[in-house]
Amino acid sequence: MCFRAICGGNKWDLEVHWNDDQNILLAVQDVMKEKLKKRGVRTLTGLGKYFRQLDKCGSGCLEKAEFKLALHTYHLELSEKIFDSFWLILDENNQGRVDYGSFIRALIGEMNEYRKSFVRKAFMKLDPNKTGVVSMVDIRKFYCAKKHPQVLAGFSSEEEIKSAFLETIENACSNPQEVSYSEFEDYYEGLSIGIMSEEDFINILRNSWGI
């Protein structure tokens, strides 16, 4: 497999030398992960909220133009050629609409199942009745930043980390009074991009939520 990424302004293009769909997706994911390394959390939580707001009928699907506008808004543009190839892979039945969860997973990949299991475990602790949502009051109550890596290293205070987390998660939510599982997962999908070590990622969840 080989590809070359070319950056012109905010737009990335790929010189793809194959027709295999899987390799095209992997090439796009590699480029996106590089762009998202230092802003994965805010970008993915923002995109998730943006998509849910656009989806007025609650179908879970959006049209091609809406996805292109979203990528432009969050400075994740692909060239017309690459975006069209990417879209054809996703809209395989030529319906003109694609599930936005599938779009995000295809665009950046997704956490492995091991990491996801800990995200689910943390959410289940907060949502023992399995309602699918957690009040922001409980999020504030249970989130602990005492053992966050930046706190332990002396770079940030416990209160600074907690405030930053709460601000990000509140901004990501359609309802500022509660957090849905999809919004919770969006946060950790973004965080996961910049953390290579499985142990480090799991420890952040364990220390934050006491799981």
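Which hand does the crossing of H3 and H4 have, left or right? Keep that in mind as you set up the viewer. The model is predicted, so local features need pLDDT of at least 70 and side-chain atom pairs count only at pLDDT 80 or more, while totals for chains, interfaces and linings use all residues. Residues are numbered from 1 along each chain as its sequence is written, and side-chain values use heavy atoms, without hydrogens or water.

**Stop 1: two helix pairs**

Select helix H3 (residues 64–73) and helix H4 (residues 80–90): their axes come within 12 Å and cross at roughly 130°. Helices here are DSSP runs (H or I, at least four residues; strands are E, at least two), numbered from the N terminus. Axes are lines fitted to C-alpha atoms over the stretch in contact, with angles from 0 to 180 degrees between N-to-C directions. H3 and H4 are therefore oblique to each other (under 35 degrees is roughly parallel, over 145 roughly antiparallel, 65 to 115 roughly perpendicular, the rest oblique). Their crossing is right-handed (the near helix is turned clockwise from the far one by less than a right angle; anticlockwise is left-handed).

**Stop 2: the largest pocket**

Next, show the largest pocket, about 560 Å³ in volume. A pocket is an open set of points on a 1 Å grid where a 1.4 Å probe fits, with protein on both sides within 12 Å along at least five of seven lines; lining residues have an atom within 4 Å of a point. Of its 24 lining residues, select the closest to the centre: Val41, His148, Gln150, Tyr187 and Leu191. H9 gives the largest share of the lining, five residues.

**Stop 3**

Finally, colour residues 42–77, 78–113 and 114–149, where an unreviewed UniProt entry places "domain: EF-hand".

Note on methods
UniProt positions are given in the numbering used here, feature names are shortened, and annotations may be inferred rather than shown by experiment. Grid points are joined across faces, edges and corners, and a volume is the space filled by probe spheres set on the points.
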